[in-house]
Amino acid sequence: MCGIVGYIGARNVKDVVVGGLAKLEYRGYDSAGIAVIDEGNIQVVKSVGRLANLEDKLASMEISGQAAIGHTRWATHGKPSDENAHPHQDCSGRFAIVHNGIVENYLSLREELIAAGHQFNSETDTEVVAHLIEELYNGDLFQTMIEVGKRIRGAYALVVLAKDHPDEIIAMRKASPMIIGLGENENFVASDIPAILEYTRDIYVMEDGEMAVLTTAGVECFTMDGEPVHKEVYKVTWDAVSAERGGYPHFMLKEIHEQPRAVRDTLRGRIAEDFSRVQLDELKLDDAFMKAVDRIHIIACGTSWHAGLVGKAVIESYARIPVDVEIASEYRYRRPLFTPNTLVIVISQSGETADTLAALREVKRQGRRVLAITNVVGSSAEREADDVIITWAGPEIAVASTKAYTTQLIALYLLGIKMAHVRGEIGDDKVRELLKGLEDLPQATEQVLDTAPQLERFAQRYVDTMDTFFIGRSLDYSVAMEGALKLKEISYIHAEAYAAGELKHGTLALITEGVPVIALATQPDLYEKTVSNIVEVKARGAFVLGMTWIGNEDLEKTVDEVIYLPKTLPELAPILAVIPLQLLAYYAAVARGNDVDKPRNLAKSVTVE
Ligand code: AGP
């Protein structure tokens, strides 16, 4: 989730573009760069790290021109570095491009272009596009971009500058967000509204499969086949601050609503088109190793540890490998026992959590192989692990982790299915059924977001409660733990999660008249058992908010209120079930007037032990 900006007009093009990038830095801050076209010369300046590094470089440079494009990067392919920073160019330097998204077929295109004599300067997927433009260029930039659109697969918001076409900027959109800002004798293109709000409130929202040609005179829009498209002007009413949050009152709510996109992006390119197998091409560990693995240690903290609990259930039930889920701060001081082929998996959104890194380094010191599941390319976990699965959730700003959790589950499902398939524990039909189930999740998560008003009402009703209990069995218990943590960390309401069957062994003593209990009942095999535990807390006067799948009205007989989730495979239900719990915590924190994005006593990345 990078930030891109483009401008053509009479203002200082450098200032407009760099100023726009500053407004988009929440989208990524691994590196930044701009390209300016002046009298047919393209000048590119870029720098690793925060935008400020680029601004330092530019401060001593005289740069002006008719048009410019810029980029602030959230690394996906290739570590944060000057070489991997955008804009990228072709061999001749005649074209410069910035890109937000993922070119799925970049490896095969790269091989083809290298065979055709192109030389690459970076590890990125994006640079492939610059060379492809050069390869296909026929003097007509517009037609060339149409041909390029036919050759690249994946998600992209792409903006191009061309030496021989100094009076135009071409932009293309597929899956990644893009808006066009409309001005008088000037026009803008950007990933998001904050970048251009200072200059105009009139925008076009680019749809999937559309492209635009920007000149000072105007903006023409087309389909990817070159057919003209009429666009409605949308008037932006937001102020600059809420614009950064995409119009949401808090980053946490924005990130909860980004989960359909985050899940889709984390699945992107990792499921074979015929659903026949998982494609984790980034993994170096081979099938032989996967077959030999005889134990797995999952190490993490907080929400990532909760994701590990779901990972354990999935990997054990599919791949039949014993999995231990370990709290990092405990693990490293305990002399862990390894079997000959123990695989260690560390999970960390930030990739910088000190406890998790210390455990990673201790495991490496003992010669063990480590796979990291992280959301940050270039983070210590990404750099120090032997293998890495990146969750493409994009930057997570709010301290309370939401979209990182759901994308960590996606990574664990993909890994579990792949290991089970390679080990012959599950057959092709089961693989197909599971992968189709995963592919349907983004849409199902969209649907779950519609439960927000119900959760908001519930949260307001219980704004003064001091204790809340979350119960569930098996996968539901793991998700209940995440729900309890979310509520605790931002609403400051004491909350605990319990295995539903465990309550009667003590905790039931805490259940009194009116105490809110959130009961997850998403697992058909355990439904009746869970209902009997709900009856136990109801008998002591609890107010029970139940959660189950659409169509299971039976639960209404036992609980006070029901949250219905779209039907999915029971083993995939955690991805849907956690969202209402995130919303409950969010609305409880708002109702209590707390600083939702920066809760007291907490930090986004805990870099001290
Ligand atoms: C979760 O909402 C918290 N921010 C916290 O528990 C977090 O999950 C934990 O600190 C681990 O962070 P990591 O995933 O970046 O390693």
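**Ground rules**

I am working with a predicted model, where local features need pLDDT of at least 70, side-chain atom pairs count only at pLDDT 80 or more, and totals for chains, interfaces and linings use all residues. I number residues from 1 along each chain as its sequence is written, and side-chain values use heavy atoms, with hydrogens and water left out. Helices (H or I, at least four residues) and strands (E, at least two) are DSSP runs, numbered from the N terminus.

**Entry: the ligand**

I sorted the shell by class: Ala, Val, Leu, Ile, Met, Phe, Trp, Tyr, Cys and Pro count as nonpolar, Asp, Glu, Lys and Arg as charged, and the others, Gly among them, as polar.

Ser 348 puts a polar side-chain atom 2.6 Å from a ligand oxygen. Thr 303 uses a backbone N or O atom, 3.0 Å from an oxygen of the ligand. Val 399 also uses a backbone N or O atom, 2.7 Å from a ligand nitrogen. The ligand alone exposes 410 Å², and the protein buries 91% of that. Those areas come from the Shrake-Rupley method with a 1.4 Å probe; for residues, only the protein chains shown count as cover.

**Entry: the pockets**

I then turned to pockets. A pocket is an open set of points on a 1 Å grid over the protein atoms alone, where a 1.4 Å probe fits, with protein on both sides within 12 Å along at least five of seven lines; lining residues have an atom within 4 Å of a point. Points are joined across faces, edges and corners, and a volume is the space filled by probe spheres set on them.

The largest pocket has a volume of about 1300 Å³. I found 37 residues in its lining, with His 77, Tyr 106, Asp 281, Glu 282 and Trp 392 nearest the centre. Strand E19 (387–390) is among the elements that supply at least two lining residues, and E19 gives the most, three. The lining has 13 nonpolar, seven polar and 17 charged residues.

The second largest pocket holds about 960 Å³. Its lining has 38 residues, and Arg 27, Ala 175, Pro 177, Glu 258 and Arg 261 are closest to the centre. H8 gives the most to this lining, four residues. By class I read 19 nonpolar, eight polar and 11 charged.

**Entry: salt bridges and backbone**

I found 35 salt bridges (a side-chain nitrogen of Lys or Arg within 4 Å of a carboxyl oxygen of Asp or Glu). One joins Arg 268 to Glu 104 at 3.8 Å, N to O. The two sit 164 residues apart.

Most residues other than glycine have a negative phi, and most peptide bonds are trans. I noted Glu 39, not a glycine, with a positive phi of about 50°. The His 86 to Pro 87 peptide bond is cis, with omega near 5°.

Note on methods:
Polar contact = N/O pair within 3.5 Å; in protein donor to acceptor, adjacent residues only side chain to side chain.
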